[in-house]
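Morning, everyone. Please look at the model on the screen while I talk. I'll take questions at the end.

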Amino acid sequence: RAVAMSVSHSSRLNKLVREQYMRLPQDGRVQVTYVWIDGSGEGVRCKSRTLDKEPKSIEDVPEWNFDGSSTAQAEGSNSDMFLVPVCMFRDPFCLDPNKLVLCEVLKYNRKPAESNLRHTCKKVMDLVKDSHPWFGMEQEYTLLGINGHPYGWPDNGFPGPQGPYYCGVGADKVYGRDIVESHYKACLYAGVKICGTNAEVMPSQWEFQVGPCEGIEMGDHLWMARFILHRVCEDFGVVATLDPKPMTGNWNGAGCHTNYSTEEMRREGGLKHIEAAIEKLSKRHDYHICVYDPRGGRDNSRRLTGHHETSNIFEFSAGVANRGASIRIPRQVGQDGCGYFEDRRPAANCDPYAVTEAIMRTTVLNETGVETKDYADH
């Protein structure tokens, strides 16, 4: 007897009928989909408009607005919010010449919305641009059926223990590869700097990597990769969750490990600069934990237990090739004496703007304590 998978009703619509319409010509006009982060700091929203010609740069895309009272970003009596285009991608769903445009959200007074963490990140990245910071972020996520149960898991009970699923192959080890490969191709088409993917330790859990990206580009590309993931999952009728611990018990959580280097770390002898940066991070652990998930560390407290390839949330640690440490120095970097290091603390649902900004504040701008400096006047 076939097992009925829990997928959405809309995914069962006839996609061949849709293709008939998608092939229609556009007579030179272009569909632009505006994408932004909503008031939760985790969710993405989108809406589309028509432009008379294909935009060649982000400056060709006009500002727009939306109802912030419906996204937990404004009150109904003063609900209009500004969408300010900041980064443009090709649209893998409607195809060329159509575009996806990532936007910052500004309030009625043109100050950044509370969930707009890009605004201060951009200021910090402009300050440290001579350091040429490179980032690569490893986005873990879990596929769920529309009922909230991990996709492919037995309706009553659990799959076999972890072990065979990481980088696994085979129908009894891998669930949802079609989604993963579709997402990968869609990101490549869009121009997102996706650089890899693999099945993770818990069944139905996956990871993709974005980078290397310099400065503000890291947050821009990871957020667009997330939007594309949710959009691909919508087509397949399943849900991608970034919850850092989607299943309690003896199952791995989900992180967003962040690889980082500056130009001096990448040069010969850069290991001493890596070690100096780690020393600065060790003295600011509480600050980083607070910004590494949207709830001030509460989400990560479910994940960073010291088990399942994590460090303990209350302790800072570092080591070569140690996946149970806060900071891992790859073995090859230790041998070469230069390269990068990996901060394993960020949660899967972190805001990449917040994470990359915090790392730069601590390691390059030499901030200490839990307070941050306002560089608005510089």
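Leu24 sits in the loop that joins helix H1, residues 15-22, to strand S1, residues 30-37. This is a predicted model, so bear that in mind throughout. What does Leu24 form with Val17 and Tyr21? The three make a nonpolar patch on the surface. Together they have about 310 Å² of accessible area.

Now the domains. The domain assignment of the chain gives domain 1 as 9-115 and domain 2 as 125-364. On the contact, domain 1 supplies 21 residues and domain 2 supplies 23 residues. The C-alpha centres of the two domains are 26 Å apart.

How much area do domain 1 and domain 2 bury between them? About 1900 Å². Of that, 69% is on carbon and sulfur atoms. Which residues of domain 1 lose the most area to domain 2? They are Glu42, Phe89 and Phe93. Together these three account for 32% of what the domain 1 side buries.

Next, the polar side of that interface. Between domain 1 and domain 2 the count is five residue pairs in polar contact, with both residues at pLDDT 80 or more. Which elements give two or more residues to the side of domain 1 that touches domain 2? H1 and S1 do. So do strand S2 (44-51), strand S4 (80-90) and strand S5 (99-106).

The salt bridge count between the two domains is one. Keep Glu42 in view here. Glu42 forms a salt bridge with Arg295, and the closest N and O atoms are 2.8 Å apart. Glu42 is also among the residues of domain 1 that lose the most area to domain 2. As background, side chains of opposite charge can pair when their charged atoms come close.

Over the whole structure there are 25 salt bridges. Here is another one to look at. Lys99 and Glu54 meet through their side chains, at 3.0 Å from N to O. Where do the two partners lie? Lys99 is in strand S5, and Glu54 is in the loop between S2 and strand S3 (64-67). The pair links distant parts of the chain, 45 residues apart.

Last topic: cis peptide bonds. The bond from Asp96 to Pro97 is cis, with omega near 10°. Pro97 is found in the loop between S4 and S5. The bond from Gly211 to Pro212 is cis too, with omega near -5°. Where is Pro212 placed? In strand S8, residues 205-214.

That's my tour. Over to you.

Key:
Residues numbered from 1 in each chain as written. Predicted model: local features only at pLDDT ≥ 70, side-chain atom pairs only at ≥ 80, totals over all residues. Heavy atoms only, no water. Patch = residues over 30% accessible without salt bridge, like charges linked within 9 Å, V, L, I, M, F, W, Y side chains within 5 Å. Areas by Shrake-Rupley, 256 points an atom, 1.4 Å probe, with all protein chains shown as cover. Salt bridge = Lys/Arg side-chain N within 4 Å of Asp/Glu carboxyl O. Helix = DSSP H or I, 4+ residues; strand = E, 2+ residues; numbered from the N terminus. Domains from an automatic or database assignment. Contact = heavy atoms within 4.5 Å. Buried area = accessible area lost by both parts, 1.4 Å probe. Polar contact = N/O pair within 3.5 Å; in protein donor to acceptor, adjacent residues only side chain to side chain.
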